[in-house]
Amino acid sequence: MKNIVIAGSVKLQDDINYWRQFLESRNYHILDYPMQVETSDFMKLYPIVYKNFFKNIERTDILLIMNEDRNDQFGYIGYEVFAELTFGIMQKLIYNKEIEIIILKMPSSNIKCYDDINLYLQLGWIKLFTESSLNK
C-alpha cells in the first residue's frame, strides 16, 4: 500500500473529500490532507499542523497537488501549496527521495506559479494526473 499526501486549498473541502474517497477506494494510505483548524487555539495549533504536514511529505510515496478550480481560477495553486510542492521537489533533488509528484491539472496562465509548473513538468520533476497515474 502506497502512502499519499494531498496538498491543496483548505477551502476546497468538498474536493478534498472527493479525492480522499477516490484514493482510499484504490487502497492508498492517506498520510495527510488539508484540514481546517477552526478553534480558539488556532495560533497555537496551526504551527503544529503545518509542521506535521511537511513531515508527512517527507514520509510519503506520492504527493498529489489537488489544484482544483477556485475563485474563477482554473487549476488554482496558492502560495502554501506551491511551498509544499517545492518541498516535495527538494526531497527528490537534495535527498534523492523517490517521491512521485502529481498535479491534477495544468493551471491557467494567470496563476502566479504557472511558469514554474510548466518548467517542472518539462524537467520531469512533476507529472500531470491521468487516470492511470494512480492505478497500481
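Student: How many bridges join β3 to β4?
Tutor: In this predicted model, strand β3 (residues 62-66) and strand β4 (residues 100-103) are joined by 4 bridges. The two strands run parallel.

Student: Which residue is the bridge partner of isoleucine 62 in β4?
Tutor: The partner of isoleucine 62 is glutamate 100.

Student: And what holds strands of a sheet together in general?
Tutor: Strands of a sheet pair through backbone hydrogen bonds, in either a parallel or an antiparallel manner.

Student: In what order do the 5 strands lie in the sheet?
Tutor: The order is β2-β1-β3-β4-β5, in an open sheet with parallel pairing. At the edges are β2 (29-32) and β5 (127-128), each of which pairs on one side only.

Student: How many bridges join β1 to β2?
Tutor: There are 3 bridges between β1 and β2, and these strands run parallel. Within this pair, valine 5 has aspartate 32 in β2 as its bridge partner.

Student: What kind of unit do β1, α1 and β2 make?
Tutor: Together with helix α1 (residues 13-24), β1 and β2 make a β-α-β unit that is right-handed.

Student: Turning to the helices, which strands does α2 lie across?
Tutor: Helix α2 (residues 42-59) lies across β1 (3-8), β2 and β3, and runs at about 135 degrees to β1. Helix α3 (residues 79-95) also packs on the sheet, where α3 touches β1, β3 and β4. The direction of α3 makes about 155 degrees with that of β3.

Student: At what angle do α2 and α3 pack?
Tutor: The angle is about 35 degrees, and the axes are 9 Å apart. Their crossing is right-handed.

Student: Which residues meet there?
Tutor: From α2 come Tyr46, Tyr50, Phe53, Phe54, Ile57 and Glu58. They meet Glu80, Ala83, Glu84, Phe87, Gly88 and Gln91 of α3. By class, this contact has 7 nonpolar, 2 polar and 3 charged residues.

Student: What about α3 and α4, how far apart are their axes?
Tutor: The axes of α3 and helix α4 (residues 114-123) are 12 Å apart, and the helices pack at about 25 degrees. Because angles under 35 degrees count as roughly parallel, α3 is roughly parallel to α4.

Student: Is that crossing left-handed or right-handed?
Tutor: The crossing in which α3 passes α4 is left-handed.

Student: And which residues of α3 meet α4?
Tutor: Phe82, Leu85, Thr86 and Ile89 of α3 meet Asp116, Ile117 and Tyr120 of α4. This contact has 5 nonpolar residues, 1 polar and 1 charged.

Key:
Residues are numbered from 1 along each chain as its sequence is written. This is a predicted model: local features need pLDDT of at least 70, side-chain atom pairs count only at pLDDT 80 or more; totals for chains, interfaces and linings use all residues. Side-chain values use heavy atoms; hydrogens and water are left out. Two strands pair if DSSP finds at least two bridges between them. Contact means heavy atoms within 4.5 Å. Axes are lines fitted to C-alpha atoms, for helices over the stretch in contact, and angles run from 0 to 180 degrees between N-to-C directions. Angles under 35 degrees count as roughly parallel, over 145 as roughly antiparallel, 65 to 115 as roughly perpendicular and the rest as oblique. A crossing is left-handed if the near helix is turned anticlockwise from the far one by less than a right angle, and right-handed if clockwise. Ala, Val, Leu, Ile, Met, Phe, Trp, Tyr, Cys and Pro count as nonpolar, Asp, Glu, Lys and Arg as charged, and the others, Gly among them, as polar. A crossover is right-handed if, with the strands pointing away from the viewer, the path from the first strand over the helix to the second runs clockwise.
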